[in-house]
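Subject: Structure handover

Hello,

Here is the structure I promised to pass on. Please open it first, then read my notes below.

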Amino acid sequence: MKISINRLKDYIPFNQSTNEIADLLTAGGLEVEGITTYESVKGSLKGIVVGEVLSCEPHPNADKLRLTTVDLGDEVVPIVCGAPNVAKGQKVPVATVGATLYPSSGEPFVIKKAKIRGEVSLGMICAEDELGLGEGHEGILVLDTTLPNGSPVGQLFDIKEVDVLEIGLTPNRADAASHLGVARDLKALLNKELELKGVESFAIDNEDKIIKVSVADSKDCPRYSGLTLSNVKVAPSPKWLQDYLKAIGLEPINNVVDATNYILHDLGQPLHAFDADKIQGGEIKVKRMPEGTKFVTLDGKERSLSGQELMICDQQGGLCIAGTLGGLESGVSNETSTIFLESACFGTDVVRRGAQFHGIKTDASFRFERGTDPNMPVFALKMAAILIKELTGALISSPIVDIYPEPVADFEIPVSYRHIDRLIGEEIGKDRIKQILEALEIKVTKETSSGFVAIVKPYRVDVTREADVIEEILRIYGFEAIPLKENYQADFLAEHPAKDANKLQYRVSEMLAGIGYSEMVTNSLSKSSYAENAAFLAPEKDVLILNKLSEDLGVLRQSLVFTGLEVLAHNINRRQKDLKLFEFGSVYAKASEGYEEGKMLSIFLTGNASHENWMQAVKPVAFTDLYAVVEGLLTKLNIPQPEVNVIESSPFSFGLTLKVNKQFIGTIGLLSSDICKLADVKQAVYFAELDWNRLNKLAKSQGKFQEISKFPEVRRDLSLVIDQEVTFDQIRQMATKVGGKLLKRINVFDMYKGDKLDEGKKAYAMSFYLQDNQQTLTDKVIDKTMSKLMHTFEKNAGALIRK
């Protein structure tokens, strides 16, 4: 929403700068998102001065050019001019060297010292179009002025420079969708009186053209006002009105439409002008029309009505979609001589439904959808009639029609001083409270020592509760005026919701299922022979079943590995060899006192990574495939990536233990063939077993997110020859510690073990990705970081770095 500073000064005279007013309004809740300057003449003729032609001679090297000398007040300069009408003794507009011209057509250009056909020219004598004052280019503009030479030419023309505020209006502040609304806030913020021009000059000239009005439903239209004006002469608006509209981003149309737009943006009351001679039957009917009725709006589009929008009609059909957009046939044209001027208050819901159904957004619907002042229509109608009479020479030819069956009452809101002090955070004094409220046109009544009743006018649709009144006090008093305290307390502290283990399990199950894993549910009873033949299980820890049904179901399982392998064997024996399975299940063990029970998550991966097809070769699953799943699972639960340690003991041929914050969370690796044979599985199986109870405790419901950096990422590669005992995790931890926030990622893109290296050595080809979220990295910073990394690898890992 655009607000003219000049128009605000008409309401409240002030000396503050535009920036100061913008800061004041923003602090008060009307955020100023930008400030622009409207110029009625682009560039405001800056650098253009009055000059007097002292001499005018033919150019020696060009037939159509003239050599002139021009008095600019403080100097006389030579100027080459091509205009046929230039002559000695004329007063002319001169663009001095360095001035920028904004012509009526074409791009702006800067006047420079020039040499034209061998003659020096220090300026330019301008035509009307070159100054942006019109389209004339038949010759230079000759000035009729007594201003001294060198005076700014802008003094001869009515040039307007207006600072315009761009206010980001929040939906609740419909009352501020006008210059008057913003001035009301400014009145309270500056503690000054508001000067609203009256309508005492309004008078009915005759009653020659009376239009009857009827309203079908007062809920859809709480108030409808109107009058007729005759002897209207439609023409372009005067310059002051055009400048006002252009400053706030509107294109002038004609004096009648421009007047209604002026009132809309000035008072916040939408108006609509109908060609009264096109109102059939001399009657306006405010009602709904049947679904499917065709109606052509001002934009020339034929629309099919929904039956839910409110329409302004005559005896034959629709004239206007109420509060949204007028009809093409009933609009004001150059031939219009009599108008019916509408000023109404429509229901927010009915306007919103109609505007959304037809996809129409207008300045009127914007205001009606949020709520307009039901007490404004008649005042705005009178002010508009006075303005139209002034602009068009019209006569007011009917009494005002004002249908307002159920006047909207002021809001009565009880307010407690104690609640004001509590919500604001300090006591600001009863006198200051009353002063602020009265400045906001909120009346304080029924005052006692503990509180009062606030009477709020209905144009403040956002102030209906005690908290709203207190917010009004605080925004005018100033949020910045409330001192910060060392300690704050709250009346209520919400409890953090307990983690729902079932929801976390569902999230993980959903993730695993989404990447192709199938969930299995197996029996907690298992064979005692598994613990007897597997070195990683202890037979003495088996929980025996006293009344066992068979030897195969004689104990409670200590691990999920064997019950899972049995499922794999069952499927592999039926030629389903590519398997991805997971299970949430309980495990049991004897303890020194009693028994222990835990919940684990097992993940099995075996066979090929994908089915055989023509697009790609068959590839067996690898350890990295399963580790990537575990990494993704931890990320899903917002758990940091784990510390890893290599293990080469049962049940794995090779594997890793995983720890987070030094807490054991599970193991992952390739199951040894001996373990697989116990369940009659003959193919390679990758297996992960995670402590679900511990993961549940470590999981965080909310992750941390940050904006993607705008600055480029830099990659640097290193080749490290290290002992085979040095793990990638150790290298990663060293790099993370040294690289700090700049080091975003580390990757091993090649590894080598072989006869080209000394015995017991391996080579890693690694890439390091550096990025600064605040600025572009320089070569100096990159080289310094990489030097630190290389030094750390050489010192702490015994690395030989190939450079």
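**Helix H12**

The face of H12 turned away from its buried side carries Asn502, Lys503, Tyr506 and Gly514, which are exposed. Buried means under 20% relative accessible area, exposed over 50%, and partly exposed in between, with a 1.4 Å probe and protein chains only. Helices (H or I, at least four residues) and strands (E, at least two) are DSSP runs, numbered from the N terminus.

Before going on, some ground rules. This is a predicted model: local features need pLDDT of at least 70, side-chain atom pairs count only at pLDDT 80 or more, and totals for chains, interfaces and linings use all residues. Residues are numbered from 1 along each chain as its sequence is written, and side-chain values use heavy atoms, with hydrogens and water left out.

Back to H12. The helix covers residues 501–514, which is 14 residues. From first C-alpha to last it reaches 20 Å, close to the 20 Å expected at 1.5 Å a residue. The expected span is 1.5 Å times one less than the number of residues.

Which residues of H12 are buried? They are Leu504, Gln505, Val508, Ser509, Met511 and Leu512. They cover an arc of only 160° around the axis, which puts them on the same side of H12. The arc is that of the directions from the helix axis to the C-beta atoms. An α-helix has 3.6 residues a turn, so residues three or four places apart point the same way.

Several elements cover the buried residues of H12. Among them are strand S28 (518–519), strand S32 (579–590) and strand S33 (595–606). Helix H15 (623–636) and helix H17 (692–698) are also included. Just after H12, Gly516 has a positive phi of about 100°.

**Helix H19**

H19 (residues 779–796) has 18 residues. Its end-to-end C-alpha reach is 26 Å, close to the 26 Å expected. Its buried residues are Ile782, Thr785, Met786, Leu789, Met790, Thr792 and Phe793. They sit on the same side of H19, because they cover an arc of only 160° around the axis. The face turned away from that side carries three lysines, the exposed residues Lys780, Lys784 and Lys795.

What do the buried residues of H19 pack against? The partners are strand S38 (714–723), helix H18 (728–739), strand S40 (761–770) and strand S41 (800–802). Contact means heavy atoms within 4.5 Å. Gly798 follows H19, with a positive phi near 60°.

**Helix H8**

H8 spans residues 377–392, and its 16 residues should span 22 Å at 1.5 Å a residue. Its end C-alpha atoms are 22 Å apart, which agrees. H8 is mostly covered, with twelve of its 16 residues buried. Among the buried residues are Pro377, Val378, Leu381, Met383, Ile386 and Leu391.

**H4 against H5**

Helix H4 (residues 239–247) and helix H5 (residues 255–267) have axes that come within 11 Å and cross at roughly 50°. That makes H4 oblique to H5. Axes are lines fitted to C-alpha atoms, for helices over the stretch in contact, and angles run from 0 to 180 degrees between N-to-C directions. Angles under 35 degrees count as roughly parallel, over 145 as roughly antiparallel, 65 to 115 as roughly perpendicular and the rest as oblique.

H4 contributes Trp240, Leu241, Tyr244 and Leu245 to the contact. H5 contributes Asp258, Ala259, Asn261, Tyr262, His265 and Asp266.

**Phe357**

Phe357 is in helix H6 (residues 348–358). Phe357 is partly exposed, at 48% relative accessible area. Not counting residues up to four places away in sequence, Phe357 touches Ser304, Leu305, Ser306 and Glu309. Ile442 is 85 residues from Phe357 in sequence, and 37 Å from it in space, C-alpha to C-alpha.

**Backbone points to check**

Most residues other than glycine have a negative phi, and most peptide bonds are trans.

- Arg117 is not a glycine, but has a positive phi of about 50°. Arg117 lies in the loop between strand S9 (114–116) and strand S10 (119–121). Arg117 is exposed, with 54% relative accessible area.
- Glu441 is not a glycine either, and its phi is positive, about 65°. Glu441 is in the loop between helix H10 (430–439) and strand S26 (443–445). Glu441 counts as partly exposed, at 22% relative accessibility.
- The Ser650 to Pro651 peptide bond is cis, with omega near 10°. Pro651 is in the loop between strand S34 (643–647) and strand S35 (652–660).

Best wishes
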